[in-house]
Amino acid sequence: MSLVDELKSAVTPRAALLVVGVFALQLLFITSYVGALHNPKPTDVPFGVVAPGQAATVLTDRLEKLPGDPFDPRVVADEAEARDQILNRDIDGALIVDPRGRTDTLLVASGGGKVLSATLEAMVTKLEAANQRLVRTVDVAPSSSQDFNGLSAFYLVIGWCVGGYICAAILAISAGARPANRERAIIRLGALALYAALGGLGGAIIVGPVLGALPGSVAALWGLGTLVVFAVGAATLALQSVFGIVGIGLAILLIVIAGNPSAGGAFPLPMLPPFWRAIGPYLPPGAGTWAARSIAYFKGNDMTASMVVLSVWAVVGAAVTLVMSSVKRERTAERIPPEVPEHP
């Protein structure tokens with residue numbers, strides 16, 4: 001055989017296309033992660049201001065005019081209200097001005113991300129120093145001492161996501177797995193649901209009782225983990241049913257390349273560039289990370305939107321998988337020629 005024939009035999013056109021797809025995913029991976037994480041800086045951080053009378057308006061205006069728009073300030077009635085808004089995840093911090101002294105109080109919540117709380121402390125301390133004032137920092141929702149940089153919730157969700165799309169990929173394209181008809185699609189979704197329940201429980205136990213990395217309800221984390229795994233797995237099955245093996249690559253594109261850097265894990269959402277900040281809450285890693293931190297550090301507050309996002313991924317993924325299995329069955333039936341009756 002000639003070299004050209006050997007090349008065609010070794011690398012089929014289908015393999016070549018898949019390699020090109022992998023090359024594109026590689027470049028997208030680098031672009032997404034470096035683009036999202038190479039230059040974190042706070043932008044429009046929801047921030048409360050508690051001060052007497054006109055001083056609150058003056059301070060709010062001053063924060064609004066800072067270069068780069070690091071704050072999205074709003075006047076808050078008092079310290080109790082500021083604490084409630086932080087615990088409800090409406091704001092990420094608040095400055096309580098003491099008109100009787102020279103030391104003000106900064107409220108932060110490191111449970112939502114240590115990088116953000118440390119950044120707020122540094123910025124507010126610098127601003128206050130310009131007015132010859134001091135700052136006392138109070139952590140309203142502190143992260144666990146076993147949760148370095150507040151990353152445990154993020155890594156937990158990433159583990160659940162990885163399990164979801166790998167399990168779905170194995171169910172869909174493992175050796176001997178036949179294209180899904182309706183019955184096989186139901187069985188695979190059922191197997192995925194069982195795997196999701198076990199994976200959710202395993203992750204919750206590891207980060208809770210075993211490692212002590214995250215506080216909060218193990219049962220709530222179990223439920224969240226089950227939903228995250230099933231949502232990612234169902235989406236992967238749906239993409240595979242529509243696009244074939246290319247759908248697995250699309251699942252990686254959505255979950256790993258787009259979802260992970262925009263999840264608010266390494267850097268909370270207010271520190272991400274606009275594009276990643278916009279898409280993060282609507283992808284499973286971002287929705288899952290937000291919900292996991294809410295369970296661990298914010299008494300389960302402000303989880304509704306995240307749970308709706310994950311539920312939509314789960315329901316739509318399962319529905320598309322079932323619909324495509326029915327469509328494929330009908331197309332297969334149409335291709336089978338009718339039997340010709342035998343004549344004597």
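1. Arg133 and Glu128 are both buried, where buried denotes under 20% relative accessible area, exposed over 50%, and partly exposed in between (1.4 Å probe, protein chains only). Salt bridges with shared partners join Asp104, Glu128 and Arg133 into one network. Between Arg133 and Glu128 the closest N and O atoms are 4.0 Å apart; a salt bridge is defined as a side-chain nitrogen of Lys or Arg within 4 Å of a carboxyl oxygen of Asp or Glu.

2. The model is predicted: local features require pLDDT of at least 70 and side-chain atom pairs pLDDT 80 or more, while totals for chains, interfaces and linings use all residues. Residue numbers run from 1 along each chain as its sequence is written, and side-chain values use heavy atoms, leaving out hydrogens and water.

3. Five salt bridges are present in the structure. One of them pairs Arg83 with Glu79, at 3.2 Å between the closest N and O atoms. These two residues are about one helical turn apart because they lie four residues apart in helix α4 (residues 79-87); helices are DSSP runs (H or I, at least four residues) numbered from the N terminus. Arg83 is partly exposed at 30% relative accessibility, and Glu79 is partly exposed with a relative accessible area of 30%.

4. A salt bridge also links the side chains of Asp72 and Arg74 (3.0 Å, N to O). Asp72 has a relative accessible area of 31% and is partly exposed; Arg74, at 28%, likewise counts as partly exposed.
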